[in-house]
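Here is a short report on aromatic rings and their neighbours. Look at the structure first, then read on.

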Amino acid sequence: MQKVVIAGLAAGLLFVSLPAAGQNTGGVFGPVVNEGHRSWQYRAGYDLDSYGFAQRFHYQHALNGDLMLRGIVQAAKTDDSQVDFAFFQGELFWQLDDLGDNWQHGVRFDVRLRSEGRPAILGFNWMNQFQLSERWMSRLLVLTATDVGDGASGDVLVQTRASVTYTASNGLRPGLEMFNVYGAIDDMPGLNGQLHQAGPTLSRAVGDDWQFFSSVLFGLTGATPDTQARFWMSRSF
C-alpha cells in the first residue's frame with residue numbers, strides 16, 4: 001500500500017491530478033540563460049485514452065546572463081469544470097559555469113502551490129545540455145522534489161528526463177524525449193509501478209520571435225498513460 005501511495009505522489013509531480021488520468025505538460029528544459037530574454041508560452045496536453053486535457057501558461061524573464069525567473073499557471077479539465085485551476089509554480093533558473101567546451105549545465109529551484117488544499121511542492125533540479133555536433137544536441141535532467149505543509153509525506157521523489165534533437169537545414173528540429181518518474185528515493189516501487197514515457201518531437205522557429213513544438217508520448221509501463229499528445233507555442237519579445 002505504501003508503494004502505491006508513493007507512486008501516486010510521484011505522478012502528481014509529473015502529471016496533473018485528474019479523476020481518470022493526467023496529462024504530461026512538462027518539458028526537457030535547458031540550462032542556458034540569455035541576458036535580456038523575455039517570453040511567454042502556452043502548452044496543452046491531451047490524453048487519447050481518457051480524453052483528459054490540461055493547459056498551462058508560462059512567463060519567463062531573464063534577470064541577467066545567469067539567472068531567469070519563470071511563473072506558471074496550469075489548469076485542467078475535471079469532473080467539475082472544463083478549466084479548473086491545478087497549480088501555480090515559481091521557478092528560478094541559474095546557469096553555472098560550463099563543464100566543458102560542449103557541456104553546459106545549471107540548476108533550477110521550484111515552488112509549486114496546488115489547488116484543493118494539497119501540500120505544496122519544493123523542487124531542486126540539475127540541468128545538462130550537450131552539443132554533440134553542429135546539428136545534434138542532447139539534454140539530461142535530474143529532478144528531485146518533496147512536499148511540505150499539511151498532509152505532506154516528506155518523501156524525496158526523483159525523476160529524470162532526456163532528449164536528443166537534430167536541427168535540419170530547413171529549420172525543422174525532429175527529436176526524441178523520455179520522461180522517467182521513479183518514486184521515493186528510500187522506497188521505490190517496482191518498474192511497472194513507475195512512470196516511464198517516450199516519444200518523438202518536432203519543433204520549429206518561425207521568424208525571430210515564434211516557436212512551435214509538438215510531440216506524442218507513449219507509456220512504457222503499466223502505471224503510465226498509454227498515449228498523450230502535446231503542443232506548445234512560444235513568443236519572445
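Rings of Phe, Tyr and Trp (its six-membered ring) pair if their centres lie within 6.5 Å; planes under 30 degrees apart count as stacked, over 60 as edge-to-face and the rest as tilted. By this rule there are 10 aromatic pairs. One of them joins Phe29 and Phe93, and this pair is edge-to-face, with 6.0 Å centre to centre and 85 degrees between the planes. Phe29 lies in the loop between α1 (2-14) and β1 (38-47), while Phe93 lies in strand β4 (residues 84-95), so the pair ties together parts that are 64 residues apart in sequence. Here helices (H or I, at least four residues) and strands (E, at least two) are DSSP runs, numbered from the N terminus.

This is a predicted model: local features need pLDDT of at least 70, side-chain atom pairs count only at pLDDT 80 or more, and totals for chains, interfaces and linings use all residues. Residues are numbered from 1 along each chain as its sequence is written, and side-chain values use heavy atoms, with hydrogens and water left out.

Phe29 is buried, at 9% relative accessible area. Phe93 is buried too, at 3%. Buried means under 20% relative accessible area, exposed over 50%, partly exposed in between (1.4 Å probe, protein chains only).

Trp210 and Phe212 are stacked, because their ring centres are 6.1 Å apart and their planes are at 10 degrees. Trp210 is partly exposed at 30%, and Phe212 is partly exposed at 31%.

| Charged residue | Ring | Distance from ring centre |
|---|---|---|
| Arg108 | Phe29 | 3.9 Å |
| Arg112 | Phe87 | 3.7 Å |

Key: A charge sits over a ring if NZ of Lys or CZ of Arg is within 6 Å of the ring centre and within 35 degrees of the ring normal.
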